[in-house]
Amino acid sequence: MTYTVAVRELCEFTAKQGDLDLRFTPAPTALEGMAGHAVAASRRGAGYRAEVALSGSYQSLRVRGRADGYDPAQQRIDEVKTFKGRLDRQPASHRHLHWAQAKVYGWLLCEQEQLANIEVALVYLDVGTQQETVFTERCNADDLRQHFEAQCQRFIAWAEQQGAHRAARDTALTTLAFPFGGFRTGQRPLAEAVYKAAVAGRCLLAQAPTGIGKTMGTLFPLLKAAPAQHIDKVFFLAAKTSGRQMALDALARLADSAPALPLRVLELVARDKACEHPDKACHGESCPLARGFYDRLPAARAAAVATTIEGKTVTALQQARVREVALQHDVCPYYLSQELARWADVVVGDYNYYFDLGGLLHGLAQANQWRTALLVDEAHNLVERGRKMFTAELHPAALAQARSSHTAAQHAPVKKALDKVRRAWVALDKAHPAPYTVLETFPDKLLAALQQCTTTLTEHFTDHPTEPDGALQTFYFDALHLQRMADLLDAHSMVDITQASAAHHQQSSKPGDSVVCIRNVVPAPFLQPRLAAAHTSTLFSATLQPARYYADLLGLPEDHVWVDVESPFAAHQLQVQVARHISTRYPHRAASLAPIAALMAQQFRARPGNYLAFFSSYDYLQQAAALFAQQHPDVPHWCQSRRMLEGEQREFLARFTHTSQGIAFAVLGGAFAEGIDLPGQRLIGAFVATLGLPQINPVNEQIRERMQALFGAGYDYTYLYPGLQKVVQAAGRVIRTPSDEGVVHLMDERFAQTQVRSLLPAWWQTR
């Protein structure tokens with residue numbers, strides 16, 4: 001069996017050595033890198049060939065890649081690297097890796113062109129000055145062949161192991177049986193749709209009701225399709241920890257049902273949750289787990305992917321398991337997990353690992369030309385999460401802290417650059433004193449000041465890598481992100497200025513105290529290329545209605561498939577009652593409190609048990625809870641508070657037992673409105689005292705105008721659809737299994753409107 005590897009991947013595996021060193025080294029963006037490569041190519045002679053596709057073999061290993069350029073007249077091959085800062089501060093390990101790559105390309109070209117020798121050039125291009133620094137070495141073909149074979153020999157044992165693993169994995173997946181014997185109602189049509197989308201290489205948008213087992217209903221068919229479709233990796237992407245855990249539990253169930261299945265499952269977690277030494281910097285002089293990281297990595301990697309430990313099959317690489325292996329080998333758990341993403345079959349992680357501009361999984365997939373399959377859990381969340389990924393803000397406090405930092409006090413150029421940003425910011429606020437202003441483009445003078453400032457800070461950080469300054473780095477990265485989003489600014493985003501007086505309800509604010517924002521409204525242009533890069537993708541949730549809204553905002557391809565899985569639940573299981581005598585519109589909030597409290601008490605006395613009551617804000621929640629406690633002190637109740645910690649959230653949910661009774665007050669759209677599972681008597685009803693509509697404010701009104709211009713449905717896209725999605729999610733907490741029964745009170749007269757009712761689940765029969 002032939003194993004194919006990219007040149008970069010081969011050398012990353014064989015030629016990295018020494019410490020993990022993440023001291024600040026400014027790096028060009030992908031766009032800057034591409035532009036730099038184009039500049040280098042444009043300076044070469046007429047016969048110069050850029051992006052030369054090359055491949056070669058050694059035993060069972062096939063190596064492929066694209067050399068940056070070849071000049072036949074000079075018989076010179078170029079390996080171009082773009083950089084920022086000072087080249088003389090480049091770690092020796094980086095130069096070693098770059099030479100390894102260049103010489104592999106040199107041999108592949110010699111073999112292809114039948115050359116006896118060739119000049120190999122490392123071309124370093126400074127993206128700031130556009131100046132090149134070139135290192136060359138005349139190499140004969142035999143020496144390059146020996147270098148190539150040496151790299152291959154270091155990799156081939158691993159490649160053969162990987163090939164055997166892949167063959168065994170695909171054989172086992174071909175015969176894999178569904179672990180529960182039979183599908184639940186609704187689960188089979190979902191699984192069939194996922195499988196067909198994988199076979200056809202399509203994107204699927206699947207609305208499937210809560211409680212049918214969506215996680216297993218999507219993972220199982222995709223894994224079954226993997227062998228025939230030559231899928232290298234499955235990425236299960238979730239918005240919340242609960243979604244990741246459900247995926248890990250489903251994959252564990254598959255492993256239990258098929259002990260011979262060698263499926264490597266990796267959980268990716270945030271850096272702050274995996275770091276063993278948060279008080280230390282990520283380099284060998286500070287952190288013991290960074291010292292000699294690449295020297296100890298091969299043994300740690302081999303141990304992590306070992307299929308048997310003490311005679312037991314182990315393929316799950318969850319956080320605890322990766323940490324255990326990492327500490328046994330004295331390497332960083334977080335960066336070991338990132339390395340293992342190259343060798344896992346299924347990776348479970350947050351949305352940002354794939355969809356963010358610098359997403360690890362997307363970057364690896366592109367570099368290695370993997371054939372990937374995506375599962376996007378609770379995909380309705382991707383609209384708001386996508387907007388946050390592609391929004392950039394500058395806060396005056398961040399600049400103030402940077403200007404008052406010890407670095408600014410000691411280094412005049414840094415202080416001068418920050419002061420210039422401050423002056424441009426003050427001038428901008430003086431020109432736009434209104435509480436909220438939307439601009440056509442990002443202001444030129446502030447952008448120029450930011451660009452000059454980040455250049456100065458880049459030089460400073462490069463010259464002083466051992467002088468970390470948290471406040472300065474925070475502002476620096478905020479400014480870089482804003483510049484990047486300014487470069488990508490289009491109709492999908494808007495530029496706005498919010499004065500401090502508007503943001504904090506102050507009487508007035510000083511110029512320079514505004515929040516300057518590039519606000520993404522439609523994440524589709526950023527998400528679409530990521531979805532297109534996958535062989536197949538399935539985005540699923542219980543609330544994806546109407547489908548056109550999600551297709552428009554998430555950038556689904558025109559030929560995507562839509563499936564609305566029929567609910568397994570019957571109307572008699574859930575009494576849905578509309579309180580037409582209540583209005584929760586903002587002007588009517590005070591008047592709504594008494595009838596809401598009366599209705600909740602009446603329902604509780606008719607059928608005592610556990611209920612959730614959802615409100616549109618903490619203020620509304622607290623007012624309702626206070627009145628309810630005053631009028632009905634005998635009914636147990638408890639409330640969600642602002643910024644609850646994970647432990648407090650667990651305590652909140654622990655009060656829902658099979659024998660307890662009471663009403664929990666929660667915020668619609670918050671931690672308890674989706675992603676929690678309280679089956680049976682743990683939850684028998686819900687009260688929803690809102691349509692969930694986003695607040696009418698200047699920002700949302702601007703979004704409404706933009707949505708109207710782009711899609712012709714400004715109000716619906718900005719207010720109605722996002723609001724009712726939250727309502728349906730919250731109500732979905734009540735019926736979790738085929739045997740559950742319960743009640744939902746929709747407490748607002750507008751729930752009786754035809755348009756609103758059309759956006760509720762079809763199996764609900766409102767009364």
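Q: Which residues line the second largest cavity, and what is its volume?
A: Rolling a probe the size of a water molecule over the atoms shows where empty space is left. A cavity is, on a 1 Å grid over the protein atoms alone, a set of points where a 1.4 Å probe fits but cannot get out, and lining residues have an atom within 4 Å of a point; grid points are joined across faces, edges and corners, and a volume is the space filled by probe spheres set on the points. In this predicted model, the second largest cavity is lined by Arg169, Leu173, Leu223, Ala226, Ile231, Val234, Leu263 and Asp345, and its volume is about 30 Å³. Helix 4 (141–174) and helix 6 (214–229) are the elements that give two or more residues to this lining, where helices (H or I, at least four residues) and strands (E, at least two) are DSSP runs, numbered from the N terminus.

Q: What limits and numbering apply to this model?
A: Residues are numbered from 1 along each chain as its sequence is written, and side-chain values use heavy atoms, with hydrogens and water left out. Because the model is predicted, local features need pLDDT of at least 70 and side-chain atom pairs count only at pLDDT 80 or more, while totals for chains, interfaces and linings use all residues.

Q: What is the volume of the largest cavity, and which residues lie nearest its centre?
A: The largest cavity has a volume of about 120 Å³, and among its 14 lining residues Cys275, Cys282, Cys287, Cys332 and Tyr335 lie nearest the centre.

Q: Is glutamine 338 buried or exposed?
A: Buried means under 20% relative accessible area, exposed over 50%, and partly exposed in between (1.4 Å probe, protein chains only). Glutamine 338, which lies in helix 11 (residues 333–340), is buried, with a relative accessible area of 17%. Leaving aside neighbours within four places in sequence, glutamine 338 is in contact (heavy atoms within 4.5 Å) with Leu268, Tyr353, Leu360 and Leu364.

Q: In what order do the strands of the open sheet run, and why is one side of strand 21 and of strand 23 left without a neighbour?
A: Strands of a sheet pair through backbone hydrogen bonds, either parallel or antiparallel; two strands pair if DSSP finds at least two bridges between them. The open sheet of 6 strands has the order 21-26-25-22-24-23, with parallel pairing. Strand 21 (574–578) and strand 23 (637–639) stand at the edges with a single partner strand each, so one side of each has no neighbour in the sheet. Within this sheet, strand 22 (residues 610–615) and strand 24 (residues 662–667) pair in the parallel sense over 6 bridges, and asparagine 610 stands opposite glycine 662 in strand 24.

Notes: 1 Å grid on protein atoms, 1.4 Å probe; cavity = no way out; pocket = protein on both sides within 12 Å on 5 of 7 lines; lining within 4 Å.
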